[in-house]
Amino acid sequence: MRYAMAIDTLKCVGCSDCVVACQTENNVPIGYCRDWIVEAVDGTYPQLEIELRSERCNHCDNSPCVRACPTGASHYKEGGIVAVYHNECIGCGACIQSCPYDARYSHPEGYVDKCTFCYHRVEKGQKPACVSVCPTNCMYFGDLDDENSDVSRMLKTRKYKVLAPEAGTKPMVYYLI
Amino acid sequence: MKEELFISGRANLNIDPVLHIWHWQIPVYLFLGGLAAGLLFFASLYTVLGKEDKYKTAVRIAPVIAPFALVLGLFALFLDLKHKLFFWQLYTTIRFDSPMSWGAWTLMVVTPLSFVWVALHIKDFFPNWDWKFKLVIQLEAWLQKNKQGLAWIILIFSIILGVYTGILLSAFNARPLWNTSILGPLFLVSGLSTGAASIMWLSKDAKERKLFSQIDLMLIAIELFFIIHLFMGFLASTEVQIEAAKYFLGGQFTFSFWVFVVGIGLIVPASLEIIELSGRHIPVAIPAALILLGGIIFRFIMVEAGQVTRYLY
């Protein structure tokens, strides 16, 4: 099993519903976010191209954060989901330094926090909160090892990219382009 | 032109707009760790070489700073932790992939060893010192007898400690400025040079001062070579590393790095030492203090600037 996400940049309108859904579902402290929207503008007026991306932890296959963690608090869950055991985390910041996506932050209570792909929902067979609320249905979640999952089908038929592939992390959030 | 903006307003504390999760505690530790590594290196080196009596300051006097530096450094590291009450989790596991785990265990070995080394020479400071308990007296006698072996162990661990201060940073591939293998040797040499400068400063023996002045000169030359090598490597590398180098070649860290670290911290003390070696008298405190100052500013700039360099946005 290998969980992954595909996000259609052609369908995303940047409404930030995924951001709010995540904050509500996961009780994210005020002022923080586990996912966010990036607007990338390319070109010179009037020839402009806009790409909207909902970004989050990439749950990388080769996670530098799991390697950097001195205590083993950062770990892989079933399906490659990268998560943090709060009571093993010492708050040293090594994982935050190691993430090329800056997807982690220090929770006001001291431990390091991040997107969990809504593991508590996924293990019950539900989709992550961000995916479930998207009004344009631009996000797909599922198992890459299952040929018929939403995410496998999208990656088979569409062109896609990942963020900062040169960082060597093998990210598992794909952007359909 | 390409422009990427957060439109949902990611503003996580200490992450945005630029990463600033490590504050003054880390460079202070890196400096103290490097200094302790330098002092222990020279103390054990000259013991192994059998020149204990020739270079008394290096072997017997200066190492007294090392345990204090290490304890203060460890305390700084502790202050940096955000989930402090769980610090003991570091010592429930050894993680070979994590340089910080290696470092935590290295400190666990080196710190007690540095106390032992000072204890073996405590009679130099307090001639009437009495260990009181029979067991301690026997242990001390045994360690005195096996001092060569102890020196070898300390020699190896001091090098690991010195290299570790650089490897801690260089293992983070997400921060292009740190992600270069030259950082380990560079931090080691810089740590050794701060150690040599302290010995030079404390020594009252003209021959010993001259030796450590020469050692320092050599270390400064190696450091300058590594710094040039560092930037040559960046400029021949990927875009993110070229961008990282630009912070030092015209960007916001240009002045502080080249003036305070390279100028005042390396070239000025080296020039003063050359003048001294050529026969004119210069108070040893000046070059020694400048080297120590340069060493600490170097670590502050590297930690600060490394966090500014990134892959995205």
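A: The largest pocket has a lining of 25 residues, and those nearest its centre are B:Val240, B:Arg310, B:Tyr311, B:Leu312 and B:Tyr313. Keep in mind that this is a predicted model: local features need pLDDT of at least 70, side-chain atom pairs count only at pLDDT 80 or more, and totals for chains, interfaces and linings use all residues. Residues are numbered from 1 along each chain as its sequence is written, chains are lettered from A and ligands numbered from 1 in the order in which they are written, and side-chain values use heavy atoms, leaving out hydrogens and water.

A pocket here is an open set of points on a 1 Å grid over the protein atoms alone, where a 1.4 Å probe fits and protein lies on both sides within 12 Å along at least five of seven lines; its lining residues have an atom within 4 Å of a point. The volume of the largest pocket comes to about 550 Å³, counted as the space filled by probe spheres set on points joined across faces, edges and corners.

The largest share is that of α10(B), with four residues. By class, this lining holds 14 nonpolar, two polar and nine charged residues; Ala, Val, Leu, Ile, Met, Phe, Trp, Tyr, Cys and Pro count as nonpolar, Asp, Glu, Lys and Arg as charged, and the others, Gly among them, as polar.

Now for the second largest pocket, which has a volume of about 330 Å³. Of its 19 lining residues, B:Leu74, B:Leu77, B:Phe78, B:Leu81 and B:Leu90 lie nearest the centre. Two or more residues come from each of α1 (25-48), α3 (65-80), α4 (99-120) and α7 (147-170) of chain B, with α3(B) giving the largest share, five residues. The classes here are 17 nonpolar, one polar and one charged.

Next comes the place where the two chains meet. Chain A brings 51 residues to the contact and chain B 41, with contact meaning heavy atoms within 4.5 Å. Together they bury about 3,900 Å², 54% of it on carbon and sulfur atoms; buried area is the accessible area (1.4 Å probe) that two parts lose on being put together, summed over both. On the chain A side, A:Ile90, A:Gln97 and A:Asp102 lose the most area to chain B, together 19% of what that side buries.

A:Asp102 also forms a salt bridge with B:Arg175, with the closest N and O atoms 2.8 Å apart; the rule asks for a side-chain nitrogen of Lys or Arg within 4 Å of a carboxyl oxygen of Asp or Glu. Three salt bridges cross this interface, along with 25 residue pairs in polar contact, both residues at pLDDT 80 or more. The side of chain A that touches chain B draws two or more residues from each of β2 (36-44), β3 (47-55), α2 (64-68), α3 (94-98) and β6 (105-106), and β2(A) supplies the largest share, nine residues.

The loop between β2 and β3 of chain A holds A:Pro46, which is joined to A:Tyr45 by a cis peptide bond with omega about 5°. In the loop between β3 and α2 of chain A, A:His59 has a positive phi near 40°, although the residue is not glycine.

Terms used:
A polar contact is a pair of N or O atoms within 3.5 Å; within protein, one must be able to donate a hydrogen and the other to accept it, and residues adjacent in sequence count only if both atoms are side-chain atoms.
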